[in-house]
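Hi,

Here's the structure I promised to pass on. Have a look at it first, and then read my notes below with the model open beside you.

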Protein chains: 2
Amino acid sequence: MNKIKGRTEIAELGQFGLIDKITAPFKPQVKSTILGVGDDAAVIEASKSTAIVLTTDSLVEGVDFDLRYFPPKHLGYKAVTKGISDIVAMNATAEQITVSIAVSSKISVEFLEDLYAGIAFACKEAEVDLVGGDTTASVNGLVINISAVGRAKKEAIVRRSGAKVNDLICITGSLGAPYMGLKLLQRESRVLEGLPGEKPQFDGFEYLLERYLKPRARYDIIRSMAQEGIVPTSMIDISDGLASDLMQICRSSLCGARIYLDRMPIAKQCSALGEQMNIDPITAALNGGEDYELLFTLPLEMRDKVSSIGCIDIIGHITEPQTGCFLVTPDGSEIELRAQGFVKKSE
Amino acid sequence: MNKIKGRTEIAELGQFGLIDKITAPFKPQVKSTILGVGDDAAVIEASKSTAIVLTTDSLVEGVDFDLRYFPPKHLGYKAVTKGISDIVAMNATAEQITVSIAVSSKISVEFLEDLYAGIAFACKEAEVDLVGGDTTASVNGLVINISAVGRAKKEAIVRRSGAKVNDLICITGSLGAPYMGLKLLQRESRVLEGLPGEKPQFDGFEYLLERYLKPRARYDIIRSMAQEGIVPTSMIDISDGLASDLMQICRSSLCGARIYLDRMPIAKQCSALGEQMNIDPITAALNGGEDYELLFTLPLEMRDKVSSIGCIDIIGHITEPQTGCFLVTPDGSEIELRAQGFVKKSE
């Protein structure tokens, strides 16, 4: 590869390396900033006892979604989920969002009405207000930016950095389904190219599609945990994949981790489609991403309490930092986890 | 023009018509939402006496900026100004921002370092923290999204909707310079195309360039007004052009307006370049936009107090709603103001 003098490609650093490099000079200076860059959301002073949390996310056409198979209503819904999920991962209640869109001339008013119908549906379901936004022209493709604001008692805020050795590693719902849903949509899109009249074959895999096209943020879980008096020691939402997001917790909390393959919650439709398409469902669960499930840690003595909630699996435990992050297979062998990021999701 | 059945082009509605249409179903439901869509920023409950204001804006390559003549450091600075200016227009103090970027592979790490150096410079100057963001790949072009958060005592918040008949219409700084700066950059870029070695001719017009490339939000003015105990009845920042933004105030406040041509603060470099390039500097002042100056209204009795601040011109007054929005020329004739929006700024 030819390298222009003085030019470093973003790919050389990777997404996380790039973010570290460009955000390194920014240290909070303002009194009301409680937590700056480096978690699911920033934390800002609201009153003596409460804090506002703030997050922002972009969805880019051709990278995060493909309009050939992503219906606008679902896209609006998913954009809201992406924002809210970061707020939930701070153990806060999402209350407001803003939506900015950059639209090219290929987009019609009817398309945008559908997009905003999906946004409205997600807002209603999550009890969140749309309070602002911006509409800009774009030369190429649709870009959606969601900022979300939430609120919590200061002592309830959960960061990525609080995991302790021997803490339980917990996960909500199941993993891998959104990634397999995407693979299915891509396959059918390829097969049907140039065959107008033909219908895609989704039978038996509707769950995978729904998880990819219409994921729901797990605010139900943080409400249940609050009722039980459970405050995790650390938490993150799974957007980049279990491996990558667990490594973020370990990096922020300065610890290692062991998770066990036979405890991983993988939806059975993942295995069925994986067999058809020759995709390892474990890879989908570890590195697929966009699950919008919660990954969190809890003190050992919370085991019974958290088990009573349902929809939560204990998949491993936190270890000393020098032990690294590994997946343990049923025969006892250990596979080192690897992070991914900046992966082009659509083809 | 062929119209596909059931397809409405965005251009048919215009930017404001589109925003009205898609945001109409969204009415605030959450208790902490004090003000939703429709002002420079949303207002959210923080504590009994204070509110958080929140705004979001996107800058799209090829629409809002052209990388052939927009240096990355300036672009970062200007993006921050755009966000902060909306906060200032609510009479609030900006405290935090988030920056999301979508970057194509043509962008290098060095470019992003320069962009973030400009962001850091603007943050330091305005005493604002960068607290979060998102980095995504993009298929085509650079998109920057800024969300900004500010804070104010609830009673100090100024909306667009409070202007009263007979109120003075005030404006900070001068108008038209950023638009003329852009025109100059576009001219030199055209002239020099294919002439490597040649240098652009900017002599005498540096002020216009600085106003376009490195505009500063007017937090100095709201600080001075606070010291004088002045709270405007309505306020907006001039991003779309004086005409369009004054009409926004009139629409929100249900009133009309008269502004006087001979009181309009137009920088003298605007007139000089306008003559060279055959551009009417009044059009630049009325419809150019991106001035990031403040347009606000005040009760008549505040005339002396506001005049003592400096950098503020009284350009007209608020009238009854049925009288419309007009520019009055020195010979007494009245020209109806027209809004613009969604104009492709770069060529």
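Let's begin with helix 4 and helix 8 of chain A, which pack at an angle of about 40 degrees. Angles under 35 degrees count as roughly parallel and 65 to 115 as roughly perpendicular, so this pair is oblique. The axes of the two helices are 10 Å apart, and helix 4 of chain A passes helix 8 of chain A in a left-handed crossing. Before you go on, bear in mind that this is a predicted model.

Which residues make that contact? From helix 4 of chain A come Ala177(A), Met180(A), Lys183(A), Leu184(A) and Arg187(A). Helix 8 of chain A brings Gln269(A), Cys270(A), Leu273(A), Gly274(A) and Met277(A). Look at how those numbers step along each helix. An α-helix has 3.6 residues a turn, so residues three or four places apart point the same way. By type, the residues of this contact divide into 6 nonpolar, 2 polar and 2 charged.

Now find helix 5 of chain A, residues 206-213. Its buried residues are Leu208(A), Leu209(A), Arg211(A), Tyr212(A) and Leu213(A). What do they pack against? Helix 4 and helix 8 of chain A turn up again here, along with helix 2 of chain A.

Zooming out a bit, chain A is assigned two domains: domain 1 covers 10-156 and domain 2 covers 160-336. Their centres, taken over C-alpha atoms, are separated by 21 Å. In the contact between them, 18 residues of domain 1 of chain A meet 18 residues of domain 2 of chain A. Helix 2 of chain A (residues 72-88) gives the most to the domain 1 side, with 8 residues. That side divides into 9 nonpolar, 4 polar and 5 charged residues.

Last stop: the two chains. How many residues of chain B are in contact with chain A? There are 71 of them, and they touch 71 residues of chain A. On the chain B side, the elements that give two or more residues include helix 1 (10-23), helix 3 (109-126) and strand 4 (93-103) of chain B. Strand 5 of chain B gives the most to that side, with 9 residues. Sorted by type, the chain B side has 33 nonpolar, 25 polar and 13 charged residues.

Cheers

Methods
Residues numbered from 1 in each chain as written. Chains lettered and ligands numbered in written order. Predicted model: local features only at pLDDT ≥ 70, side-chain atom pairs only at ≥ 80, totals over all residues. Contact = placed C-beta atoms within 7 Å. Helix = DSSP H or I, 4+ residues; strand = E, 2+ residues; numbered from the N terminus. Nonpolar A, V, L, I, M, F, W, Y, C, P; charged D, E, K, R; others polar. Domains from an automatic or database assignment. Buried ≥ 20, exposed ≤ 12 C-beta atoms within 10 Å, placed from the backbone. Axes fitted to C-alpha atoms, helices over the stretch in contact; angles between N-to-C directions. Parallel < 35°, antiparallel > 145°, perpendicular 65-115°, else oblique. Left-handed = near helix turned anticlockwise from the far one by under 90°.
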